[in-house]
Amino acid sequence: MLGELTQNEISALLSKLHIGRLGCQAETEMYIIPINYVYRKNSIYAFSAGGKKIEAMRKNPNVCFQVDEIIDTFRWKSVLLWGKYEEVTDPSERQQAVQALVHRIMPLTDLPSQHPWHGIASVEQDIDTKVKTIVYRILIYKSSGRFELHQNT
C-alpha cells in the first residue's frame, strides 16, 4: 500500500531521525549533502563550518531537506521539506541548538573524544577554536510525506 503521511507522522519521523539530506543551489549546480540535524519548532537545526553549502545558502536561502526510513524495498517512509535558511545568532538559541545536536550525536559514536569538530573532546585543548561554527535553521514552509507498506499475509 502506498500512501501519504499526516503532519503528525511527518513530525514524528523528523523527530526520530538524525541524518537528512540538505539540497541547495550552489551557483549553477544543485548541491545535496547529508547533515546531522535536530527537529524543533517547525525547523531543522544544524551546524557547520564555512564552506560550499553555507556560501550557497547565504546567496540563495531557499532550500529543501529530505529524510527517509527504509526497512526494505516495500516498507519505507520519506519526508521532503521546503524551507528558508537562517543563521542563528541569538547566543541562547545557538547554545540550545548545539546542545540538542550534540545530545543526538553522542549516543551514535563509539569514540566521542576523537570527534572535536562536534564540540566533543576529552580535554578542552583538543577543540579547534579557529574554526567558526555556524549554527543555522531551516524554517519549514512546506512539507510532504509518503510511505509504502506491504505486510506479509
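## About the model

Local features in this predicted model need pLDDT of at least 70, side-chain atom pairs count only at pLDDT 80 or more, and totals for chains, interfaces and linings use all residues. Residues are numbered from 1 along each chain as its sequence is written, and side-chain values use heavy atoms, with hydrogens and water left out.

Ser 43 belongs to strand β5 (residues 43–48); strands are DSSP runs of E, at least two residues, numbered from the N terminus.

Setting aside neighbours within four places in sequence, Ser 43 is in contact (heavy atoms within 4.5 Å) with Val 38, Arg 137, Ile 138, Leu 139 and Ile 140.

## Aromatic pairs

Rings of Phe, Tyr and Trp (its six-membered ring) pair if their centres lie within 6.5 Å; planes under 30 degrees apart are stacked, over 60 edge-to-face and the rest tilted. Tyr 37 and Phe 65 make an edge-to-face pair, 5.0 Å centre to centre with 75 degrees between the planes. Tyr 37 lies in the loop between β3 (29–36) and β4 (38–40) and Phe 65 in strand β6 (residues 62–72), so their pair ties together parts 28 residues apart in sequence. Both residues, Tyr 37 and Phe 65, are buried.

Tyr 85 and Tyr 136 form a tilted pair, at 5.4 Å centre to centre and 50 degrees between the planes. Tyr 85 sits in strand β7 (residues 75–87) and Tyr 136 in strand β8 (residues 134–149), so this pair links parts 51 residues apart in sequence.

Conventions: Helices (H or I, at least four residues) and strands (E, at least two) are DSSP runs, numbered from the N terminus. Buried means under 20% relative accessible area, exposed over 50%, partly exposed in between (1.4 Å probe, protein chains only).
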